Each structure stands twice: as structure tokens, then as C-alpha cells.
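Please look over the sequence and the structure first.

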Amino acid sequence: MTEPRYDVVAIGNAIVDILAPATYAFIADNGMTKGAMALVFSPEEADALYAKMGPGQEVSGGSAANTIAGMAALGDACAFIGQVADDQLGEVFAHDIRAAGIRFDTPARAGAPTTGRCLIFVTPDGQRTMNTFLGASHYLPEAALDRDLIADARYLYLEGYLWDPEEPRAAMRAAIDVARAAGRKVAFTLSAEFVIDRHRAAFHELIDQGLIDVLFANEAEIMSLTETGDVEAAIDAVRGKVPLLVVTLSERGACAIAGEARVCVPAQPIDKVVDTTGAGDLFAAGFLHGQARGQSLEASLTLGAICAAEVIQHFGARPMVDLKTLTGHV
């Protein structure tokens, strides 16, 4: 097998995050569940909610895109496949991801719908309540896949959020086949409970068929996947079915389970939680960076914890300090 040119190629939603502070009353008055993510199904609904936002901050987002932005900041060679529209937000997304040193060649899509956007309301406790209009990102066709690129990456990284629509689901399924045929590893993040509720059987099928090498989940997601109310029982139900299971446990840190081995690390100390947007995404970035560099599970978990701690201390889901400096001692 030839040495890959890229550490990771990711497939995910290509969206722009718009973040603004919000009161608890605003969240309740607008029928939102604090800390949850809800889909907005029409551009009109997205526009109406956007009009209610206070002064905001725009930054390119998307779960898998955030992860590889973190990996690129750590020095990894990264590429991204995702669909934007031929509009202003599409240009913003493309500029931001390329400026981070990430290869992005997916052609913009003409016509409606517009580029996806996520309206994020951040309450004083740092929790983010997300309202996502996925727009063009849910029209990623299999034809947009660069198969040579996928085969030339150490990891194929997929986000569960994009499993929902039929067209990109077919594209990701084809990408898995390409990666496995090339002897590469497939990493998958479950993304959210509502995604699992809709696709639990399909996710179990991927796991049972041995198509996932690294599975990322937080404690709520792993319990949802296994339909159990106990995180340890959930971990026991999945361990052994994937070569590497990584579970984040919020302020209690994170664990990685590989065969009979289980390694856990504590969360990194922080001054204040400002915005939890992207915490799981940046954790995955640090962890995969460590694994791509051949580091131990403990070192990889620590790298993930450091990256997650950095991103929750400011607005936005992309790092704002030099991650190489932060993680240099690991």
C-alpha cells in the first residue's frame, strides 16, 4: 500500500455558522430547546429567525469541516468534500476552508437552495442552541466524489448529520467503499440523537458489517444508539464491534476503547465556558491528529481534550489560537 498524501479527507455539511448571544427567555419564547439542534426546513423560516437575532458573528462551520479545520491547524494534510451554492455564503465557505490550507474542489451548485447556514444562539451558560438550514449541502451528489482523493487519504471522516438526505447518503456510502478498497480507515461521528433516531438501523448495519474503524460519540449519542439509559452499558454493547470506540463524557473527560484496552483522560481545566459549539468536532480533530501520527490512545485523547478546551472558551467552532503551541507538550 502506498503512503497517502493526505491525513484525512472529510465529507460533511458545508454551512456557515451565524452566532449571537441570547437570553434564556429568548430561547423559551421561540420554542427552542436549550442546547439542542433543530432543523429549519425552509429558507423563509430561516430568514424569519435570522431577523430576530442580535448582532452576530459569521464563521464557516459544519461538523466535519470544523474537525479538519482543527486538523489542518495542527499541521495535517486535509481535504474536504461538501456542497455549497453559487452564492455569497458559498464563497465565504470556500474562501475560509481554502485559507485554512484545506483542499476543497467541490463545484458550487447553481440555483436554489442557498448555501446552508446554522443560526446559533448562545446562552450565558455557554450552551449553544442551533437552528440549521442545510440548503445546498443536502444535494451533494455521488458524482462530486473525487475517488482518487479519497483513496489517497489515511482516514475518510464522515459526519452523521449528512446521512439524513438520500443523495449525500449515497455519496458517503460510495466513499466508504472507495476507502476500504484502498485499504484506508473510515472514521464516523454519530453527530446527534435526532440523527440516530432516524437512522439507528443503518448505523448498526455499518458497524455490524465492519465498515467503521473509528466511531466517535458523546454519552447521549452512544446511549441513543444502543437504546439504553446507562452509558457504561452502551459502551459495552458497542465495544468489540468497532476497532476503536471514542466516547466523550463532557466535563468528565473522554475514553477510548480498543479491544480489551480502555483508556480515559480527564477534561482539560478552563477558565470559563463561553460557547460549546464545536467541542466534539475539535476533540475529534485532536484525537485523529494523534492517531494519524501514530501516538498512543492516551496521547490522542489528551490532544482531543486540549483542542476541545480551546474552542469552548470563545465564540465559534474554529480554533482561535495556535493549536500546535497548545498541544506541543503532548
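In which helix is aspartate 281 found? Aspartate 281 is found in helix α10, which spans residues 279-292. The model is predicted, and the values below are computed from it.

**Aspartate 281**
- Aspartate 281 is buried but forms no salt bridge.
- Arginine 128 has the nearest side chain of opposite charge, at 6.9 Å from aspartate 281; a salt bridge would need a side-chain nitrogen within 4 Å of a carboxyl oxygen.
- Leaving aside residues up to four places away in sequence, aspartate 281 touches Ser63, Asn66 and Thr67.

**Second largest pocket**
- The second largest pocket holds about 180 Å³ of space.
- Its lining is made up of Leu39, Val40, Phe41, Pro113, Thr132, Phe133, Leu134, Gly135, His138, Tyr139, Asp164 and Arg198.
- Strand β8 (residues 128-135) gives the most to this lining, with 4 residues.
- By class, the lining residues of the second largest pocket comprise 7 nonpolar, 3 polar and 2 charged.

**Alanine 187**
- Strand β10, residues 185-189, contains alanine 187.
- Alanine 187 counts as buried because its relative accessibility is 0%, and buried means under 20%.
- Not counting residues up to four places away in sequence, alanine 187 touches Tyr155, Leu156, Tyr157, Leu158, Val214, Phe216 and Leu288.
- Proline 4 is 183 residues from alanine 187 along the chain, and the C-alpha atoms of the two are separated by 16 Å.

Notes. Residues are numbered from 1 along each chain as its sequence is written. This is a predicted model: local features need pLDDT of at least 70, side-chain atom pairs count only at pLDDT 80 or more; totals for chains, interfaces and linings use all residues. Side-chain values use heavy atoms; hydrogens and water are left out. Helices (H or I, at least four residues) and strands (E, at least two) are DSSP runs, numbered from the N terminus. Buried means under 20% relative accessible area, exposed over 50%, partly exposed in between (1.4 Å probe, protein chains only). Lys and Arg count as positive and Asp and Glu as negative; His and the chain ends are not counted. Contact means heavy atoms within 4.5 Å. On a 1 Å grid over the protein atoms alone, a cavity is a set of points where a 1.4 Å probe fits but cannot get out, and a pocket is an open set with protein on both sides within 12 Å along at least five of seven lines; lining residues have an atom within 4 Å of a point. Grid points are joined across faces, edges and corners, and a volume is the space filled by probe spheres set on the points. Ala, Val, Leu, Ile, Met, Phe, Trp, Tyr, Cys and Pro count as nonpolar, Asp, Glu, Lys and Arg as charged, and the others, Gly among them, as polar.
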